[in-house]
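Subject: Handover of a structure and the findings on it

Dear colleague,

Please find the structure below, followed by an account of what was found in it. I would be grateful if you would read the two side by side.

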Amino acid sequence: KELTPTEIAEKANVGHYSLSDLPTTMWYHEHGMDITGYLVSQGLAGFYLIVDDRERELADQGVLPEPGGPYDIGLVVADQRFNADGTIFYDFLDHNGRIGDVEVVNGRVQPYLEVERRKYRFRILNGANARVYELRLSTGQKMAIIGTDSWLLPRALEVKSFELSSGMRHDLIVDFSQYDDGDVLF
């Protein structure tokens, strides 16, 4: 017999649990003893989106892009170190965290995204083992942070840059409508 979420929670002794109680941009990853960092570095992590009625209402009104739709982009920012053969370097005896020398997004070196002249929502996660990032657009354009680890903010915060520590998340809106075809941003 397949158990309901309530039956699973009762058996696990964690109380009643409903996905609608925790609207947020969550992420999941392996928690194996002494190998968590290694497994996350290998890409064993991902986003888990929990949408509530308020977010659905904002999407229906056109204030936010449709959750999980083509204008709602998840980005995992991290750093890697590669061996000479292209495999990922990892020192299992160093438990102080690791700093890589190559930046990756969603596991790709030098990724790019062609965008339309419109607003996009980016759900950004610092998936690095020990690095703190300060992120900004190369044009200096402002972005609107609309949510953090604990979900939507009461109102958007306009910023030119922001910091993310390991495991932190920010949801933000970037408006590309002012750029021309062929413009390149970093």
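Leaving aside neighbours within four places in sequence, R118 is in contact with Y71, V174, D175, F176 and S177, where contact means heavy atoms within 4.5 Å. R118 belongs to the loop between strand 5 and strand 6. Its relative accessible area is 29%, so R118 is classed as partly exposed; buried means under 20% relative accessible area, exposed over 50%, and partly exposed in between, with a 1.4 Å probe and protein chains only as cover. R118 and S177 are 59 residues apart along the chain, yet their C-alpha atoms are separated by 4.7 Å.

Residues are numbered from 1 along each chain as its sequence is written, and side-chain values use heavy atoms, with hydrogens and water left out.

Confidence and overall make-up

The mean pLDDT of the chain is 87, and 88% of the residues score at least 70; pLDDT is the predictor's confidence in each residue, from 0 to 100. Confidence is lowest in helix 1 (residues 5–12), with a mean of 54, and highest in strand 7, at 97. Where pLDDT is low, the predicted coordinates should not be read in detail.

The chain holds 3 helices and 11 strands. Helices (H or I, at least four residues) and strands (E, at least two) are DSSP runs, numbered from the N terminus. From the N terminus on, the order of elements is α-β-α-β-α-β-β-β-β-β-β-β-β-β. Of the 186 residues in the chain, 33% are buried. Among contacts with a separation of 6 or more, 64% are between residues 24 or more positions apart.

An open sheet of 7 strands has the order 5-4-3-6-11-8-9, with mixed pairing; two strands pair if DSSP finds at least two bridges between them. Its edge strands, strand 5 (108–109) and strand 9 (151–159), each pair on one side only. Strand 8 and strand 9 are antiparallel and share 5 bridges, and I145 stands opposite L157 in strand 9.

Strand 7 and strand 10 also run antiparallel, joined by 4 bridges. Here L135 stands opposite F162, and Y133 has L164 as its bridge partner. In strand 7, Y133 and L135 form the covered face, and E134 and R136 the uncovered one.

The nonpolar cores

A nonpolar core is a set of buried Ala, Val, Leu, Ile, Met, Phe, Trp, Tyr and Cys residues joined through side-chain atoms within 4.5 Å. The largest one has 21 residues, of which F122, I124, F162, L172 and V174 touch the most other members. At least two residues each come from strand 3 (72–80), strand 6 (119–126), strand 7 (133–136), strand 8 (143–148), strand 10 (161–164) and strand 11 (169–175). Strand 3 gives the most, with 4 residues. Another core, of 5 residues, lies apart from it and includes L64, A144, I146 and I173.

Beyond its neighbours within four places in sequence, F122 is in contact with I73, L75, L113, H170, D171, L172, V174 and F176.

N126 lies in strand 6 and counts as buried because its relative accessibility is 0%. Its side chain reaches the backbone oxygen of L164 at 2.8 Å.

Setting aside residues up to four places away in sequence, T148 touches T24, L153, R169 and H170. T24 is 124 residues from T148 along the chain, and their C-alpha atoms are separated by 8.1 Å.

With kind regards

Definitions and conventions: Predicted model: local features only at pLDDT ≥ 70, side-chain atom pairs only at ≥ 80, totals over all residues. Polar contact = N/O pair within 3.5 Å; in protein donor to acceptor, adjacent residues only side chain to side chain.
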